[in-house]
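Biologist: I am new to this structure and would like to learn how to read a helix. Could you show me the general idea and then a case?

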Amino acid sequence: MNTLIRRRRNCRCLLLYVRPLSVIADAKSDAPSIGIPGPGHLNIDRVAILHDNLRSCARTGSVMEASACHAQAISLGLESDVLVSNMVINVYSKCGFTSLARKMFEEMPHRNLVSWNTMISSHSRNGEEQEALVLFMRMQREGAQFGEFTVSSVLCACAAKCAAPECKQLHAFAMKSATDSNIFVATALLDVYAKCGLIGDASLVFEYMQERSDVTWSSMMAGYVQNDMYEEALSLFCRAQVVGLKYDHFMVSSAISACAGLAALIEGKQFHAIICKSGFGSNIFVCSSLIDMYAKCGTVREASLVFSGVEEKSVALMNAMISGFAKHARSLEAMILYEKMQQMGLCPNEVTYVSMLSACSHAGLVENGRKYFDLMTRDHNIFPNVLHYSCMVDILGRAGLVDEAYDLIIRMPFDATPSIWGSLLASCRINGNLGIAEVAFNKLFELEPHNAGNHILLSNTYAANKMWDGVSTARKLLRDSEVKKEKGKSWIELKDKVHSFVVGDRTHPKIADVYLKLDDLFNEVERQGYRAETEHDLHDLEATKKQELLRHHSEKLALAFGLLCLPQSVPIRIMKNLRICVDCHSFMKIASGVTNREIIVRDTNRFHHFSDGYCSCADFW
């Protein structure tokens with residue numbers, strides 16, 4: 001009651017109190033009956049006002065006002081009314097107080113379908129997925145009535161947990177109860193299948209749906225993007241256009257993310273035009289996706305322009321831009337934006353610190369990395385997760401502090417992932433630490449026995465130390481394991497077509513012209529002092545044979561093709577599925593000065609911007 005007095009001036013629901021509290025406390029049950037038991041003078045208008053105030057609290061998330069309304073309902077004897085109880089459960093849930101909602105639910109003498117649905121949805125929405133599943137099973141045991149909303153709410157809980165077995169059981173349950181044809185149930189089904197990695201099942205659910213909403217299309221597109229099926233996502237967007245569906249910002253955002261995954265700059269620019277035309281340019285999620293797309297396509301300047309054009313900055317927008325700067329080794333810009341973020345009153349989150357640590361890793365800034373790793377816990381109470389530890393291991397390993405990186409892995413509060421062990425193994429190759437390299441490889445072999453890249457990393461570590469017996473053993477182990485090594489390839493986009501090359505390629509229609517152009521280019525760069533860096537080729541071959549292999553690497557072929565076909569004013573953008581080698585890196589630097597062209601190479605680790613004989617990475621990658 002003290003709470004009610006304190007909130008009296010600010011809470012609308014306290015307008016119900018027309019008498020002193022002492023009067024209400026001592027009131028006799030002499031009110032005219034309206035079918036709702038309770039002490040005090042009660043009429044329909046007051047009940048209607050209470051309902052209205054509970055709805056208002058649910059919309060605004062005002063927990064203090066909600067508590068006052070709850071107290072009002074109790075004082076008026078409405079705690080046994082199912083409608084009021086359901087509204088109180090809902091408002092506590094919307095305010096994030098699931099425990100209070102559950103207490104109210106358990107104390108209800110009678111429950112209806114809305115009661116169960118509201119409570120299950122509350123658990124699902126507030127990250128208590130297991131409780132939602134348990135409550136649904138209890139609902140079945142008690143023989144309570146269920147509906148489509150019940151099933152879809154439980155499916156949402158499965159999606160959050162990525163609980164594939166439970167999802168399949170619920171799918172069977174939905175088919176048995178004839179609720180699988182409901183648009184909400186079917187949409188929830190395809191969403192949970194996609195989040196569990198069962199994208200084939202999600203696609204089947206989508207195709208068999210008789211009716212689809214815009215949420216259904218958005219969920220399917222998002223599912224394709226989450227499972228790295230970018231081309232399928234873009235095809236689905238085109239299909240939606242053909243059927244005349246009016247796309248929303250969720251669909252556009254997923255399409256832009258698909259362009260980012262494919263590094264498809266032309267298509268990304270087309271979607272940017274759609275955004276400008278449809279008025280989604282002010283949407284934070286769309287703008288964040290645009291920034292990420294431009295950054296992943298190698299055009300960080302355009303990403304920065306999109307960022308500058310958004311008036312109201314958010315944490316998500318800041319994170320996208322900081323991540324973009326980190327990918328392009330522009331660590332100073334990332335740090336400046338980090339400081340501006342806090343000056344604007346925006347609090348960095350886990351994603352922010354992953355980007356900051358990544359920026360430090362790409363620039364070799366060990367002390368800065370340590371500072372940000374400590375800041376996240378000390379100033380913002382963010383406990384490092386596996387991604388933060390992975391970045392920190394990479395920072396230390398790249399700087400040659402392999403022992404310290406290994407100690408950090410041992411001290412981690414959770415098991416190291418293959419990514420962390422792989423980063424450590426790559427650092428051992430650079431710094432020649434064979435002991436830790438073998439430890440890292442054994443861990444990787446346990447976690448990823450079919451990953452050929454781990455065998456190659458170990459082989460390269462032996463080769464870097466001229467231990468050819470170890471190389472032979474590692475490659476024999478690779479052959480015996482029957483796993484396939486990923487073949488290096490580079491590709492370049494020209495107009496509406498992607499041109500792909502592999503080492504020593506002979507299949508491209510213009511390959512003869514490409515080799516002639518490459519020979520001319522070699523003559524020019526050699527006059528500028530280029531010499532093949534055969535010492536970094538880790539095959540046990542003669543120097544001349546190594547030179548021949550290096551000469552026709554896929555990124556050099558892609559560069560020659562770009563010089564042949566792209567105008568002088570256009571940067572040459574090359575994508576590569578593996579890490580760029582030392583020799584190609586040196587070649588690209590000199591070639592950028594000789595040809596007076598900007599060359600941008602995206603490998604698996606980062607972007608390299610070559611211009612006037614220099615690279616943005618400052619030879620640290």
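Modeller: The face of helix H24 turned away from its buried side carries the exposed residues Ile410 and Arg411, where exposed means over 50% relative accessible area, buried under 20%, and partly exposed in between (1.4 Å probe, protein chains only). Helices (H or I, at least four residues) and strands (E, at least two) are DSSP runs, numbered from the N terminus. This is a predicted model, in which local features need pLDDT of at least 70, side-chain atom pairs count only at pLDDT 80 or more, and totals for chains, interfaces and linings use all residues. Residues are numbered from 1 along each chain as its sequence is written, and side-chain values use heavy atoms, with hydrogens and water left out.

Biologist: Which residues of H24 are buried, and why do they line one face of the helix?

Modeller: An α-helix has 3.6 residues a turn, so residues three or four places apart point the same way. In H24 (residues 402-411), the buried residues are Val402, Ala405, Leu408 and Ile409. Seen down the axis of H24, they fall within an arc of 120° (taken from the directions from the helix axis to the C-beta atoms), so they line one face.

Biologist: What do the buried residues of H24 pack against?

Modeller: They pack against H23, helix H25 (418-431) and helix H26 (434-447), contact meaning heavy atoms within 4.5 Å.

Biologist: Where does Asn381 lie, and is Asn381 buried or exposed?

Modeller: Asn381 lies in the loop between helix H22 (366-378) and helix H23 (386-398), and counts as exposed at 57% relative accessibility. Phi of Asn381 is near 55°, a positive value in a residue other than glycine.
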